[in-house]
Every structure is written in structure tokens, then in C-alpha cells.
Amino acid sequence: RSFDHLRAYVEKHREDVDALVLHGRFGDHVEEISRRLGNDPALVFVDPTGWVGADMRFIKPLASQKGRDVIINVMYDHIHRFKDANHEYLPQQMRDFFGLDDGALPPGLSEPQTMALYRQQLKRLCAVPLVADLVVPIATHDRTKFRLVVGGHHPAVLKLFRQVEYDTCGKLAGAVRTAAKDRAREARTGALSLFPSSPVPELDFGYKALNAEGMAAVRDGMIKVLRLSRVPLTFKEIWTRCLSKYHIRVQDVAEVVGELRNQGALVVEGWGARQRKVVDDQVVRLP
């Protein structure tokens, strides 16, 4: 019945978008989807309701070609509840989801460790060189609902992804989550209020903490990375690495580079007399 409703809706709106609906499991239609995509560029969005059926082996043929970007909704709240359970079918489902052909999902992984493993597997198995994720929390609680994981072949993917994260998970989420918590409190207590129970933050507290953590890590690690690098690194190469791992934007990395340059801790080659910030093709090195 659900498929019939979907097909009827698509037919009704066919003037707005050319859509194809396929009945059955995602994995059963990967070959058909891949054939229809051909060699075209595409944004592949994999949005499971849990984890079953979104196996890494199904994502691989769709995401691995150049010109392909992929976004996967990893329902972390569900995975966290069941990833260490001992039901006979769950370990195999977790292996399929994470693409672990050589063993089970390691027990007791924290949220950062779990997501680092997923990003690593996406990068390795699906030949997607650039990966990152963002956190979408439960509106009324300070814990993760799901994570959107992005994979792509061009640094512009990371640049856009982190800017969207800042705009939505940072700026917009502060107001949205404050209002949601107020509605939950009113429903629980029956007491209505004319004003928010707390000031609307400029940035959501969860995102702000992740951003600050990333900025601190970049400040602490920049000199070490430059020291260990065997080849000169451009600013673009530096921010690409940083945005893959941390919840920060290009301008955040530029800020750190500017601070360290002013302190004499590093050199930006070709810095002009009136230049205010580093640009992509400039080499950043130690003095």
C-alpha cells in the first residue's frame, strides 16, 4: 500500500520532477539504479529508517565513480542502542552496514569511534577520498538522533557541507531546539509562558562545543602536521584535511593560520603587504 501511495504521488507531480519509483529492497535495485545513472554525475542520498538494507556493498557501485557525491543518513540513536546486543542476527547486520568482511563490529565503541569507523569504511571500500559527517541531535535532548555522512571526490564538497552544517546545525538549530524544549516543558507542566525559558543562543550549544573542539585541535596540531609533512602543503590541502575530521569551516582554518603566522610560528609564502587572509594556493610552512 505504501508503494502504491508513493507511485500515485509521483505521478501527480511529474511535471515538477522526473522521478522513478522502484518497489523492493534497496540492494535488489542497485544494478538498475547504477545502469540508469550510467556515467553521469549524481548526488546519491541513502536514507534508511534504521540500518538494515543500507549495506556498504550496495553503496559502493553508486558512489565510487568520479563526479559522484553521496550522503548517508546514519541513524546513530538506533545503532547505539543495538550495536552491542547479542541477538543472533544483529552482529551480521552490523557487519553488513559497516562493511566489515573480516570480523564483527568491535564492542564498546564510543560515538566518535563508531562514526570514525564508518567514515573510514566508506572512504576505503567505496573509493570516496573525502568524507565528513555532521550531528543532528534530538530536538529536546542533548544527544545524537542521527549523523549525516558525506562522501565526495572534490574539496568543494567538504567546503559546502561544513558551511551548511554551520548554518543549520549551528545558527538555525539554536532557535529551533530552544522552541522545541519550551514546547516540551509546557506539555509536561501545563504552564504556558510568553517568553522562551532561556535566551536563544547565537549557535546551538552542541555545535558550538564541537566547533570549539575542532578549533583547539587544529591550533594544537597545525605545527605538528607541517613538521611531519614530507612535501609543502598549500592552504587548500590543509583545510581539506581539517574539514574532513573536524566540525569547522574554511574560514575557521584560515583564522588559525593567520593567528599562527602573526605569532611567527609559521610562514605563508607570497603574503602580500595588504593581504588579510590566506588563500587556497599559498604554501604554508614552518619558519
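A disulfide is a pair of cysteine sulfur atoms within 2.5 Å. Keep that cut-off in mind for the cysteine stops.

This is a predicted model, where local features need pLDDT of at least 70, side-chain atom pairs count only at pLDDT 80 or more, and totals for chains, interfaces and linings use all residues. Residues are numbered from 1 along each chain as its sequence is written, and side-chain values use heavy atoms, with hydrogens and water left out.

**Stop 1: the cysteines**

Select Cys242. Its sulfur lies 19 Å from the closest cysteine sulfur, in Cys169, so the two are too far apart for a bond. By the rule above, the count is zero disulfides. Cys242 is buried, because its relative accessibility is 9%. Buried means under 20% relative accessible area, exposed means over 50%, and partly exposed is in between (1.4 Å probe, protein chains only). Now pick Cys126. Cys126 is buried too, at 0% relative accessibility.

Move to Cys169. This residue sits in helix α7 (residues 155–189). Helices (H or I, at least four residues) and strands (E, at least two) are DSSP runs, numbered from the N terminus. Cys169 has a relative accessible area of 12%, so it is buried. Show its surroundings. Beyond neighbours within four places in sequence, Cys169 is in contact with Leu134, Val135, Val164, Asp204 and Tyr207. Contact means heavy atoms within 4.5 Å. Next, draw a line from Cys169 to Met215. They are 46 residues apart in sequence and 17 Å apart in space, C-alpha to C-alpha.

**Stop 2: Val200**

Select Val200, in the loop between α7 and α8 (205–228). Val200 is partly exposed, at 47% relative accessibility. Residues up to four places away in sequence aside, Val200 touches Gly174, Ala175 and Thr178. Thr178 is 22 residues from Val200 along the chain, yet their C-alpha atoms are separated by 6.4 Å.

**Stop 3: α8 and α10**

Show α8 with helix α10 (residues 250–262). The two pack at an angle of about 40 degrees, with axes 10 Å apart. Axes are lines fitted to C-alpha atoms, for helices over the stretch in contact, and angles run from 0 to 180 degrees between N-to-C directions. That angle makes α8 oblique to α10. Angles under 35 degrees count as roughly parallel, over 145 as roughly antiparallel, 65 to 115 as roughly perpendicular, and the rest as oblique. In α8, the contact residues include Met215 and Arg219; in α10, Val256 and Glu259 are among them. The contact residues divide into eight nonpolar, one polar and four charged. Ala, Val, Leu, Ile, Met, Phe, Trp, Tyr, Cys and Pro count as nonpolar, Asp, Glu, Lys and Arg as charged, and the others, Gly among them, as polar.

**Stop 4: α3 and α6**

Now show helix α3 (residues 56–63) and helix α6 (residues 111–125). Their axes come within 9 Å and cross at roughly 50 degrees. That makes α3 oblique to α6. From α3, select Met56, Ile59 and Lys60; they meet Tyr118, Gln121, Leu122 and Leu125 in α6. These residues divide into five nonpolar, one polar and one charged.

Stay in α6 and click Glu111. Glu111 is buried, with a relative accessible area of 19%. Residues up to four places away in sequence aside, Glu111 touches Tyr76, Thr144 and Arg147.

**Stop 5: Ala127**

Finish at Ala127, in the loop between α6 and β3 (130–137). Ala127 is not a glycine, but has a positive phi of about 55 degrees. Its relative accessible area is 43%, so Ala127 is partly exposed.
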